[in-house]
Amino acid sequence: MYKLIIRNASQIVQVTNTRQLFKCGKDMDNVAVLQKASIVIGKDGMIAGVGPSEEIEASFGSATFEKEIDGREMCIIPGLVDAHTHPVWDGDRVHEFAMKLAGATYLDVHKAGGGIGFSVEHTRAASQETLSALLKKRLDRMMALGTTVVEAKSGYGLDFDTEVKMLKVIHEVDKTHPIDLIATYLGAHSVPKGNTASAYTRSIVDDYLPRIKEMKDKGEINPINVDVFFEKGVFEKEDSHAILQAAKKHGFKLNFHGDELNAMGAAEVGVELGALAISHLEKISDEGIKAMSSLPCFAVLLPTTAYILRLEAPPARKMIDHLVPVALGSDYNPNAHCMSMPMVMNMACVLMRMTMPESLVASTLNSAAALGISSTHGSLETG
């Protein structure tokens, strides 16, 4: 007995059929496509067979299936992987849109008491049950738009207890929701009121990270990555380096914000520390691009951010041409309400001049690779 068969699809876009873990350069513009094909899903949720319909019928002709779908006139693609989101929060910030239309920058809003600080205040006050309900509702909408894996950050607590509360929400919701969640600890999202960057960095390095690791080892939470907002006036080079280095020491993957509003050399620092991925990169240097291609380190590009903040879009074409593996994310957060990876793909084509195959690769195989899961997600291959 198998879980599902989809028969006679007009196309099955495998993305890759050679067990590639990611694509870069010209290879991002080439995707593996089967015409008039079928796919079989086993009881374990893994692909038991995919190929031309005649071959699948020959191999599974006597099998039984819990569900059968006629795939004629349909195109099947891998589930979309959203490689960068901030989905756990309370305190909507739609009122800030008018400020931005009037010319306020991200940092202007932040200094006026809006931005991350506004969401922090409301998220601290919200119960774990409230945050769980909000997260489930958001994930439902993402799933309806084709997303099957979501990287989910904390970051609206800026104190130990609230950050852990957010990580617990992610951990518990991941057990029951159909979307797979990859948790990221982002305690260094901003500097808490009444604190300094250097002092808060010491708290994260000396106190919070060891306790986060201990809770993970006990199975209470499961953050895979550690993130930091590596930015001028927030966590600059010395503090960001200290946080990331400590995270690496504790066995976390490094997947962080960098070179977004100012050229900070974040790409170079990330490569130095062996980061898995760096997000944003609107202001990445040529040296940073060369460094990222040499590791390789995944560039998680977020065209929605450039759109909502009226920033120059990240140099996706230059990165692809220089063999940096590019992935995409929605950057869903209280400031950018995009839950649709298809919309992100469209923006990547229009704003960053990526091709349609490149945007698909960046939203499936490469975004899965940026989360360290492309051996099981991001392509349609047996097993």
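At what angle do helix H5 and helix H6 pack, and how far apart are their axes?

## Helices H5 and H6

In this predicted model, helix H5 spans residues 128-144 and helix H6 spans residues 160-176. The two pack at an angle of about 50°, and their axes are 9 Å apart. H5 and H6 are therefore oblique to each other. The crossing of H5 past H6 is right-handed.

On the H5 side, the contact is made by Gln 128, Leu 131, Ser 132, Leu 135, Lys 136 and Leu 139. H6 contributes Lys 165, Lys 168, Val 169, Ile 170, Glu 172, Val 173 and Thr 176. Sorted by class, the residues of this contact between H5 and H6 are six nonpolar, three polar and four charged.

## Helices H7 and H8

Helix H7 (residues 197-217) packs with helix H8 (residues 237-249) at an angle of about 5°, with the axes 10 Å apart. Because the angle is under 35 degrees, H7 is roughly parallel to H8.

The H7 residues in this contact are Ala 197, Ser 198, Thr 201, Arg 202, Ile 204, Val 205 and Leu 209. They meet Asp 239, Ala 242, Ile 243, Ala 246 and Ala 247 of H8. The contact of H7 with H8 comprises eight nonpolar, two polar and two charged residues.

## Nonpolar cores

In soluble globular proteins, nonpolar side chains tend to be buried together. Here the largest nonpolar core has 93 residues. The residues with the most contacts inside this core are Leu 281, Met 292, Leu 301, Met 319, Val 326, Leu 328 and Met 354.

With neighbours within four places in sequence left aside, Met 354 is in contact with Met 28, Ala 316, Arg 317, Ile 320, Val 326, Leu 328, Ala 348, Cys 349, Ser 359 and Ala 362.

## Leu 273

Leu 273 lies in helix H9, which covers residues 266-273. Is this residue buried or exposed? Leu 273 has a relative accessible area of 5%; it counts as buried because that value is under 20%.

Apart from neighbours within four places in sequence, the contacts of Leu 273 are His 241, Leu 244, Gln 245, Lys 248 and Leu 254. Leu 351 is 78 residues from Leu 273 along the chain, and the C-alpha atoms of these two residues are separated by 30 Å.

Conventions: Residues numbered from 1 in each chain as written. Predicted model: local features only at pLDDT ≥ 70, side-chain atom pairs only at ≥ 80, totals over all residues. Heavy atoms only, no water. Axes fitted to C-alpha atoms, helices over the stretch in contact; angles between N-to-C directions. Helix = DSSP H or I, 4+ residues; strand = E, 2+ residues; numbered from the N terminus. Parallel < 35°, antiparallel > 145°, perpendicular 65-115°, else oblique. Left-handed = near helix turned anticlockwise from the far one by under 90°. Contact = heavy atoms within 4.5 Å. Nonpolar A, V, L, I, M, F, W, Y, C, P; charged D, E, K, R; others polar. Core = buried A, V, L, I, M, F, W, Y, C linked by side-chain atoms within 4.5 Å. Buried < 20%, exposed > 50% of the residue type's maximum accessible area, 1.4 Å probe, protein only.
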